[in-house]
Number of protein chains: 6
Amino acid sequence: MPIDIHLLTPITTRGLRDTAPFQALLGDDIHLSHSLLDRGPASIESEFDAAMAVPDIVAKAISAERAGAAAIVIDCMSDPGLRAAREMVGIPVLGPAETAMHVAAMLGHRFSLLTVMDRGRPGKENMARLNGLDHRLAGVEAINIPVLSIEGARDEVTAALVAAARRTVERDRADTIILCCTGFSGLGVAVEAGLRDAGYPVPVIEPVPTTLLMAAALVRAGLAHSKRAYPTPPLKPMIGYDFLDASGRLPA
Amino acid sequence: MPIDIHLLTPITTRGLRDTAPFQALLGDDIHLSHSLLDRGPASIESEFDAAMAVPDIVAKAISAERAGAAAIVIDCMSDPGLRAAREMVGIPVLGPAETAMHVAAMLGHRFSLLTVMDRGRPGKENMARLNGLDHRLAGVEAINIPVLSIEGARDEVTAALVAAARRTVERDRADTIILCCTGFSGLGVAVEAGLRDAGYPVPVIEPVPTTLLMAAALVRAGLAHSKRAYPTPPLKPMIGYDFLDASGRLPA
Amino acid sequence: MPIDIHLLTPITTRGLRDTAPFQALLGDDIHLSHSLLDRGPASIESEFDAAMAVPDIVAKAISAERAGAAAIVIDCMSDPGLRAAREMVGIPVLGPAETAMHVAAMLGHRFSLLTVMDRGRPGKENMARLNGLDHRLAGVEAINIPVLSIEGARDEVTAALVAAARRTVERDRADTIILCCTGFSGLGVAVEAGLRDAGYPVPVIEPVPTTLLMAAALVRAGLAHSKRAYPTPPLKPMIGYDFLDASGRLPA
Amino acid sequence: MPIDIHLLTPITTRGLRDTAPFQALLGDDIHLSHSLLDRGPASIESEFDAAMAVPDIVAKAISAERAGAAAIVIDCMSDPGLRAAREMVGIPVLGPAETAMHVAAMLGHRFSLLTVMDRGRPGKENMARLNGLDHRLAGVEAINIPVLSIEGARDEVTAALVAAARRTVERDRADTIILCCTGFSGLGVAVEAGLRDAGYPVPVIEPVPTTLLMAAALVRAGLAHSKRAYPTPPLKPMIGYDFLDASGRLPA
Amino acid sequence: MPIDIHLLTPITTRGLRDTAPFQALLGDDIHLSHSLLDRGPASIESEFDAAMAVPDIVAKAISAERAGAAAIVIDCMSDPGLRAAREMVGIPVLGPAETAMHVAAMLGHRFSLLTVMDRGRPGKENMARLNGLDHRLAGVEAINIPVLSIEGARDEVTAALVAAARRTVERDRADTIILCCTGFSGLGVAVEAGLRDAGYPVPVIEPVPTTLLMAAALVRAGLAHSKRAYPTPPLKPMIGYDFLDASGRLPA
Amino acid sequence: MPIDIHLLTPITTRGLRDTAPFQALLGDDIHLSHSLLDRGPASIESEFDAAMAVPDIVAKAISAERAGAAAIVIDCMSDPGLRAAREMVGIPVLGPAETAMHVAAMLGHRFSLLTVMDRGRPGKENMARLNGLDHRLAGVEAINIPVLSIEGARDEVTAALVAAARRTVERDRADTIILCCTGFSGLGVAVEAGLRDAGYPVPVIEPVPTTLLMAAALVRAGLAHSKRAYPTPPLKPMIGYDFLDASGRLPA
């Protein structure tokens, strides 16, 4: 019976995420399940957006665990709700930003993030610092193409990513690159080729598929989060969330 | 006209918080307004509880700013929603944990937190690290008296706090103490006296009144949060929060 | 009865410091007292100058406490004598550099200092590191206008400060600014406006008035320095300081 | 065709390492190849032992890559030769200590290592610091049973490991455990059960199988080490290593 | 012509410091000159004492340089006036605490300080942090024998030092010891022997002679402090120091 | 009888190292002995080269100690084999990179390394971090002249070093320079003069002679490495190293 890895896309916008390439990557032994939010933001571009997503992220994480998922990956580079979800379920919950940073630290000496807008930089720097990887973070480089324009402009986006990657490799001495936006999905190979053509042998990490594979590896290793670090919260009344019952529990 | 400082208690339980002592402390020049949540947890004891409080914290922060508040203090030692609220309003938003740690760093060399339960320790250590104060955090010491029992057991709680403070002063070389629970409100003087009787001249910080005073000082200094560090989020559809309109905006 | 906050200007040059704007800012509840040194340097531009100021800073701090001051602010961005004065008095002693850095850390993500000359940079970096704020210090930017020329060139200095602030905001990603020289007093509003006109919503901290307000807040909160961190020194003969008696004590 | 992951056991002692359980864990899609050293130490208990193993580790890594391996795991908790091997091959080379520390940082808040002897502690602390994880390292706890006695004393070793794990969980607040010796192989489940019986829900990481799974995940993600961080060395004469030809190259 | 190394004992108490053993250690090629203060404290036990010593430390440093000294060592474990003296002279100025910490970091993995009283601990921790060696500082252990009693109680002090060293070796895993008080002079060999008898092969650093030797090594290497890091201060009026002329200069 | 300091040049290429200037610097009281490797790389330009040098470095260190050396300096800026050699001998073993960084930290505020090629940068940054000096490392600046061309191009190399030093002084605010290549030997005075001519009073450290002098100072101070930090390894079979006997011991 295949292992079920659950990809939790923490927005309410339908139709943006195609999971077929991930399923192909994971192979036959792993089944990829998927959910979107019923309540929350259309997209995540701020700490506020992320915060508004968390209540339903936790609900969806509980549902996924009940449905038999062996691990959960939150499909957003802000890693929203990572700690709250870890408290509420027993299976591993991974965030692509945290995971990609640890992987980058194992692959090279200094990594940079390529992103859409500069405004997420303090959040990313805080995340690196919490994980002890601030001395490995070479830079955060924005391509300044509006998110909604990314879909229809793959060539332009790829060129912008290669240019941004070169800038941070040359100026910040980055030797490893993380593609830090869901919209860049599938462009890793092209960016890596673009860097290689410029003389830079630099790996380019696509965080979501990498994190799905890491989640499957943890499941096979029999590992989950420490419930001593993320203890289950006591139940209590939780007003205003109609998907919870009076004691704050998600109905079965 | 007095300055309006808004105390935002991020739980739905009525009647626990008496703001009269804070108003007396702030004096006539400052008016203390107060709100509780309409949607959220009965109390905050976990990352999950904190996350469930944030959507209405942000709503109440927006309302307070519209009603003329000059600054907001979030009345919880987890500082829930601090960054999201800073994005959504232009007035200063302070958390008592972050503020008390910075004040403690100015008053002494190493500070310890006295708390109710040990489970909040990773969150507090992360907060210290993000603020660069991890090398100043001497310890986190729990008194292990259930929160609901605190109200009716002031003497017992005071004795437990003095004992816990002595432990961390002697074992961890703490020289400054932070009372890290709303339930300890008003006990600072007694704990400080207990330590002095034991030969330890150690200041004891009550975070909420200290933070209210700091907020008033910032207002008088004409200072607010950097909107470059906490930029206003773009508006977007936000499903499932009936207090927001279709564009994600709080109705006037 | 108003609280007495004492501003201790640690130089011997008369007439430079006008305390009237600070008194206006502090309001009727707070009385601002003021002293200059009788022994020490004409101005402070080096570690040597700062060291030569400290003996009389401590004497003036003891005198201020005896005269009824509730707190002391040392009026120099090198924070000279901060630790020695904290040992010798029981009331809070604050330095504007240390205080402004902690305030900046609460208002934004990364702060820069604007200063007159580049030579103070190692001292400022050491101060940030001791306070755990080195990862928040974006830069130190000098305007290179001689101190003695500042008084008569307010427009030129303001323009230079706005230009320096823009440089560090754009190049170092500073989102909060600290005016790091007494000579810049009163220019904060103009620098903040200049940055806003350039599209940067960045708070500008004037350290001395901000620190006076923080000192008043600490007094109202009933807080003082930890005498366990700054214990009173044992008395002993102290040769060559005629303002001390034979046992090293300041005569009453 | 299955992926070939190569386990490189960096000692010359035959017969100690049974790879069958690892092959079972990896499944049919992955083929586990294995090598021991022809030149080097009988076991690794010091920096000297580790250094004497490195020349043949690099030779075996080159041979494994030539034979078609997709990734290499060095089978020793000192991670000997990690950087030198990464320079000399293009496929991923992982060390179990570095990998287990990053995994532990993702699973909990603070991890401890259980080891045989105390003398390896500085090396482990240095490794944690280089990876930015020193603030996550709760402790290093030795069981003080001679390595050669471990094989025939599984029950005694398990009991000692459970006791050591409890000590570091209780005293150092570890919430995640890493079994830091090849001799502890297969005991993770029993140690985790022993901790659970004592009331501590703490994951126990067996580094070698976990690292084999991580290596397979990296291969599937198309990732390898950054050759910009680990550039291929220039060829040059290398005297005294008869397995290299005159130009320092390993003969085909 | 022998090199002149100047030992500057920053107190006014005559007769305590016997330099003969240091001269013997330095050999014929080095001449040890010596000075005490004319103005300053009888001994240094606080930040205040240290601050009161600095003006005359700088004066004596200038005099020593004028008299032909090739380097200066400040004979106190608080390193008072180190930075101010470096600004005012061109020859190397070393402090025994800073130097001993760097030497300890080269000799072992973690070092502890043995001292007389616990009150100096924050100052020592700050010094370690400024030099980046806080992660190497295992502990500060006080023997609690009054300074004035040390002279007449060598056997008792030695026994107390061995006991304190054992405590920090066993409890804090120190592997290198620094004797952090002038009064312990000459006891290093006995403490090292006491530790060896207890099974601990741990070097014991006597900071002052070690720093004198390091100063001589710097002189022979042709090295002095960076005047870019410690630039010469501008001259200015300095009131109340009768040993300076009207422009703040030490008369020739 | 003079002290014997042993310079261990860890390459097999004869004739490159002239020790006469070092002997002159050390004076009559110190005798400089010297060895090269019999087995190992022709030069050290990578982690692989360094690793291949270590087995014979340890052998030569043991031989030097047996021959009466009082201390050993490894003559390479990668400090290869430092920890392994410290385990195997009882006399001090110093590396010029580690030593020069600690000396630079005592002479200035921020230091930069001048090197030949950029590829050694991660190794140097790791070394600085292990020693706690990463916050003092301003930069690593390569001159990009092939090593083999350095010998015959002293003027060109000097000019390139002065230019590189100016770049890092101006751009990175370095105030202390370390010449980080054996090929730059003897050029320190010229580089220091070049910087002084450009207005920068910056000391330039030549690591090898400085480290030889530091080693002599340690010997005179009676100090050696902590055998508790670097314990002697247990003897064991070591296959493939014909200079060791069957028990892994170097024959007498």
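In chain F of this predicted model, four strands form an open sheet in the order β2-β1-β4-β5, with parallel pairing. Strands here are DSSP runs of type E of at least two residues, helices are runs of H or I of at least four residues, and both are numbered from the N terminus; two strands count as paired if DSSP finds at least two bridges between them. The edges of the sheet are β2 (30–36) and β5 (93–94) of chain F, each of which pairs on one side only. Strand β4 (residues 71–74) of chain F runs parallel to β5(F), and two bridges join them. Within this pairing, V73(F) has L94(F) of β5(F) as its bridge partner.

An open sheet in chain B also has four strands, in the order β7-β6-β8-β9, and its pairing is parallel. Because β7 (137–142) and β9 (204–205) of chain B each have a single partner strand, they stand at the edges, and one side of each is left without a neighbour in the sheet. Strand β8 (residues 176–179) of chain B pairs with β9(B) in the parallel sense over two bridges. Opposite I177(B) stands V204(B) in β9(B).

Residues are numbered from 1 along each chain as its sequence is written, while chains are lettered from A and ligands numbered from 1 in the order in which they are written. Local features need pLDDT of at least 70, side-chain atom pairs count only at pLDDT 80 or more, and totals for chains, interfaces and linings use all residues, with side-chain values based on heavy atoms and with hydrogens and water left out. The predictor gives the complex an ipTM of 0.96 and a pTM of 0.96. For chain A, the average pLDDT (the predictor's confidence in each residue, from 0 to 100) is 93, and 98% of the residues score at least 70.

Between chain D and chain F, 42 residues of chain D are in contact with 42 residues of chain F, contact meaning heavy atoms within 4.5 Å. The two chains bury about 3,500 Å² between them, 62% of it on carbon and sulfur atoms; buried area is the accessible area (1.4 Å probe) that two parts lose on being put together, summed over both. Six salt bridges are counted between chain D and chain F, a salt bridge being a side-chain nitrogen of Lys or Arg within 4 Å of a carboxyl oxygen of Asp or Glu. One of them links E45(D) to K236(F), with the closest N and O atoms 2.7 Å apart. The interface of chain D and chain F also has 21 residue pairs in polar contact, both residues at pLDDT 80 or more. A polar contact is a pair of N or O atoms within 3.5 Å; within protein, one must be able to donate a hydrogen and the other to accept it, and residues adjacent in sequence count only if both atoms are side-chain atoms.

On the side of chain D that touches chain F, at least two residues each come from β3 (40–41), α2 (47–66), α3 (82–88), α5 (121–130) and β10 (238–239) of chain D. The largest share, eight residues, is supplied by α2(D). By class, this side of chain D has 23 nonpolar, eight polar and eleven charged residues; Ala, Val, Leu, Ile, Met, Phe, Trp, Tyr, Cys and Pro count as nonpolar, Asp, Glu, Lys and Arg as charged, and the others, Gly among them, as polar.

Between chain A and chain D, 44 residues of chain A are in contact with 44 residues of chain D. The area buried between them is about 3,500 Å², of which carbon and sulfur atoms give 64%. M106(A), L107(A) and R228(A) supply 21% of the area that chain A buries against chain D, more than any other three residues. Zero salt bridges are found across this interface, along with 15 residue pairs in polar contact. The side of chain A that touches chain D draws its largest share, seven residues, from α4(A).

Chain C and chain D do not touch, their nearest C-alpha atoms being 15 Å apart. Over all chains, the whole structure has 97 salt bridges.
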